[in-house]
Amino acid sequence: MTKKTILITGCSTGIGLVAARDLRHRGWHVIASCRKQRDCDRLRAEGFLSPRLDYRDTDSITAAVAEVIAETGGTLDAVFHNGARGLPGAIEDLPTDGFRDLMESNLLGWHELTRQLMPIMRTQGHGRIVLNSSVLGYVSMRYRGAYVATKFALEGWADCLRIELRDSPINVSLIEPGPITSALRRNNAQQFHRWIDWENSPHSDRYRTGLVARFADDKQSLDPFELPAEAVVAKLIHALESPRPRARYRVTKPAHIMSFLRRLLPTKTLDWVISKG
């Protein structure tokens, strides 16, 4: 029996790496892409086909798709869009170039890769498109405006794609995690200090006691509701292998609680609740 093949993005660490290893253990042929060549080389040493794929670089997307086609003979059963970054900071402090860069990483590159893979799935007559979103795809949070914007947009984009593919054998699913153990905080710190002139911001006092202090914490203490990457992978497996995959999979208590509160509370009340978090 031919193995099913999946392309996973963002496999250098965290959810992508765990997903690649776990799905290979389940019998999938996993193509595990990374943004940086050194991470691809490390995964190749583990036995993965690992093309370099940077969502901000259309040429790298095209080259990765060509490598997938060469490896599989022109088939692909599923794609798991996972690679994404954050850029913390108040909206008024957010340079447009930084915002644009994040949109390329978290949305526009996902769009480009999906468009290049759609002809494969249509020709073979089936496919699964799974997108790693966030609780911040349906509620907001102070100083996360850039990331929130990309994830809100992703949610709407996925809903539209799912409706357009309703009469086809191609399924679209969103995974919406809350806090998950990953390298995201470290990466967020790098992006924050790259783009945000926080010392000259009207929010400087909040930054100093909040984001800056947290980024400087070497212990990287866990969120009380944080779950390991395996919690996301469990939902991914259902989205890939169930005969009736769901449109949305929420992961962690905060993701479920915020979904409930968003439906229950008036906007101003929900704003107050979130502002206290």
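**A buried threonine and the fold around it**

Threonine 252 has a relative accessibility of 6% and therefore counts as buried (under 20% relative accessible area; exposed is over 50% and partly exposed lies in between, with a 1.4 Å probe and protein chains only). The model is predicted, so local features need pLDDT of at least 70 and side-chain atom pairs count only at pLDDT 80 or more, while totals for chains, interfaces and linings use all residues. Residues are numbered from 1 along each chain as its sequence is written, and side-chain values use heavy atoms, with hydrogens and water left out.

Threonine 252 sits in the loop between strand E6 (248-251) and helix H10 (253-264). Its phi is positive, about 90°, although the residue is not a glycine. Most residues other than glycine have a negative phi. Tyrosine 143 is another non-glycine residue with a positive phi, near 65°. The loop that holds tyrosine 143 runs between strand E4 (127-132) and helix H5 (145-164). With a relative accessible area of 12%, tyrosine 143 is buried.

The C-alpha trace spans about 60 × 40 × 30 Å along its principal axes.

Of the 277 residues, 49% count as buried. Among contacts (heavy atoms within 4.5 Å) with a separation of 6 or more, 69% come from residues 24 or more positions apart. The protein exposes about 13,900 Å², and carbon and sulfur atoms supply 52% of that area; accessible areas come from the Shrake-Rupley method with a 1.4 Å probe, and for residues only the protein chains shown count as cover.

The cysteines come last. A disulfide is a covalent bond between the sulfur atoms of two cysteines. Here it is taken as a pair of cysteine sulfur atoms within 2.5 Å, and by this rule the count is zero. Cysteine 40 is in no disulfide, and the nearest cysteine sulfur, that of cysteine 34, lies 4.5 Å away. Cysteine 40 counts as buried, at 0% relative accessibility, whereas cysteine 160 is partly exposed, with a relative accessible area of 39%.

Technical notes. Helices (H or I, at least four residues) and strands (E, at least two) are DSSP runs, numbered from the N terminus.
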